[in-house]
Amino acid sequence: MTTTPTFELPIPTSAARAGHFADPPPGRPAAPPISPPDTIELPPDTPDPFDPPPDGITRFRTIWLSDIHLGTQGCQADYLLDFLRHHESDYLYLVGDIIDGWHLRRGWHWPQAHNDVVQKMLRRARKGTQVIYVPGNHDEAARQFCGLAFGDIAVRDEAFHTTLSGKRLWVTHGDLFDGVIQHAKWLAYLGDSLYTLTLLLNRWFNRVRTRFGFPYWSLSQYLKHQVKNAVNFISAFEHVMADEARRRGCDGVVCGHIHKPEIREIDGLLYCNDGDWVESLSALVETTEGELRIIHWTQKRNVRARAKTATVST
């Protein structure tokens with residue numbers, strides 16, 4: 001009759017759990033106590049994306065962000081992380097195209113900075129910021145979850161926001177009122193591929209500018225605004241969105257989709273577009289006094305960099 005061998009794992013004593021192990025065999029010197037490091041330090045030139053900046057935080061009542069396009073090489077996640085480190089709000093609206101499902105289906109691209117953006121937003125929601133996510137066409141798969149909440153982030157097909165001044169704003173991505181998206185999606189996919197090539201050119205162009213000490217400047221946005229058909233499409237889109245806001249009994253609309261930040265009045269309706277984080281690097285904000293503003297973060301970064309350089313030189 002054979003017996004099955006048994007194995008026992010050693011159970012650490014209280015001394016071992018405290019950093020000391022059991023007594024060594026006779027004749028062998030005792031090992032020194034093991035002390036885990038108190039902290040793990042990052043290199044001094046690597047800011048933690050979750051730490052507050054040394055030059056302080058600006059607080060707004062509301063922040064609107066859209067067209068971040070996480071999952072693409074054109075996404076300027078580092079700029080967005082820097083913006084989020086410098087700004088907090090009571091309300092945060094994610095107005096579509098946050099994650100680019102179109103591109104992720106073609107090939108996986110998800111660097112650490114993109115993951116940090118998601119974690120940053122989840123952390124905002126956990127800490128009390130009301131985060132509302134309104135999906136767009138590039139993240140349209142999330143529309144099946146409208147009415148639910150994930151990690152304290154509410155997913156909605158559309159939203160309504162009342163400013164401190166009493167204006168009722170309709171919040172939507174805007175793709176549902178784009179005729180190309182709704183009736184010729186193949187053309188939208190083709191245009192998206194060409195747009196991706198333009199963003200690639202834009203990225204290399206700005207690398208050269210940075211090497212020579214010039215600030216960020218969007219070549220792709222400049223080219224888009226020189227094309228008459230693109231300008232006409234943007235103008236028509238803005239009027240359609242203003243008309244839809246009026247039909248819903250609102251005082252204005254906040255949208256994204258066309259990557260053109262704007263605040264203006266159209267036929268008595270307030271039209272606001274919060275821009276994007278692949279070209280203009282912009283956000284729409286409502287101050288604690290109820291004023292609506294567009295923030296171009298490349299300009300803010302350049303101002304901060306020049307101020308710091310001037311301080312060091314003096």
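A nonpolar core, as the term is used here, is a set of buried Ala, Val, Leu, Ile, Met, Phe, Trp, Tyr and Cys residues joined through side-chain atoms within 4.5 Å. Buried means under 20% relative accessible area, exposed over 50%, and partly exposed in between (1.4 Å probe, protein chains only). This is a predicted model: local features need pLDDT of at least 70, side-chain atom pairs count only at pLDDT 80 or more, and totals for chains, interfaces and linings use all residues. Residues are numbered from 1 along each chain as its sequence is written, and side-chain values use heavy atoms, with hydrogens and water left out.

**View 1. The largest nonpolar core has 30 residues.** Leu-65, Ile-68, Leu-80, Phe-83, Leu-94 and Trp-277 have the most contacts inside it. Two or more core residues come from each of β1 (58-65), α2 (77-86), β2 (87-94), α4 (112-126), β3 (130-133), β5 (153-155) and β11 (282-286). The helices (H or I, at least four residues) and strands (E, at least two) are DSSP runs, numbered from the N terminus. Helix α2 gives the largest share, five residues. Pick out Ile-68 and look past its neighbours within four places in sequence: its contacts (heavy atoms within 4.5 Å) are Cys-75, Leu-80, Asp-97, Ile-98, Met-121, Trp-277 and Val-278. In soluble globular proteins, nonpolar side chains tend to be buried together.

**View 2. Seven strands make an open sheet with mixed pairing.** Follow the order β4-β5-β3-β2-β1-β11-β12. At the edges are β4 (149-150) and β12 (292-296), each with a single partner strand, so one side of each has no neighbour in the sheet. Two strands count as paired if DSSP finds at least two bridges between them. Strands β4 and β5 run antiparallel and are joined by two bridges, with Ala-149 partnering Ala-154 in β5.

**View 3. Strand β10 (residues 269-273) is largely enclosed by the rest of the structure, because five of its five residues are buried.** Leu-269, Tyr-271 and Asn-273 are on one side, Leu-270 and Cys-272 on the other, and both faces are covered. Strand β8 (residues 252-255) runs parallel to β10, with four bridges joining the two. Strand β9 (residues 262-266) is antiparallel to β10 and has five bridges to it.

View 4. A disulfide would be a pair of cysteine sulfur atoms within 2.5 Å. For Cys-255, the nearest cysteine sulfur belongs to Cys-272, 8.4 Å away. Cys-255 is buried at 0% relative accessible area, and Cys-250 also counts as buried, at 6%.

**View 5. Thr-129 sits in the loop between α4 and β3.** This threonine is buried, with a relative accessible area of 11%. A polar atom of the Thr-129 side chain lies 3.1 Å from the backbone oxygen of Ser-89. Not counting residues up to four places away in sequence, Thr-129 touches Ser-89, Asp-90, Tyr-91, Leu-92 and Arg-124.

**View 6. Residues 1-25 have pLDDT below 50.** The score is the predictor's confidence in each residue, from 0 to 100. The chain averages 78, and 65% of the residues score at least 70. Residues 1-25 have nine contacts beyond near neighbours in sequence. Residues 30-46 are also below 50, with six such contacts. Where pLDDT is low, the predicted coordinates should not be read in detail.

Key:
Polar contact = N/O pair within 3.5 Å; in protein donor to acceptor, adjacent residues only side chain to side chain.
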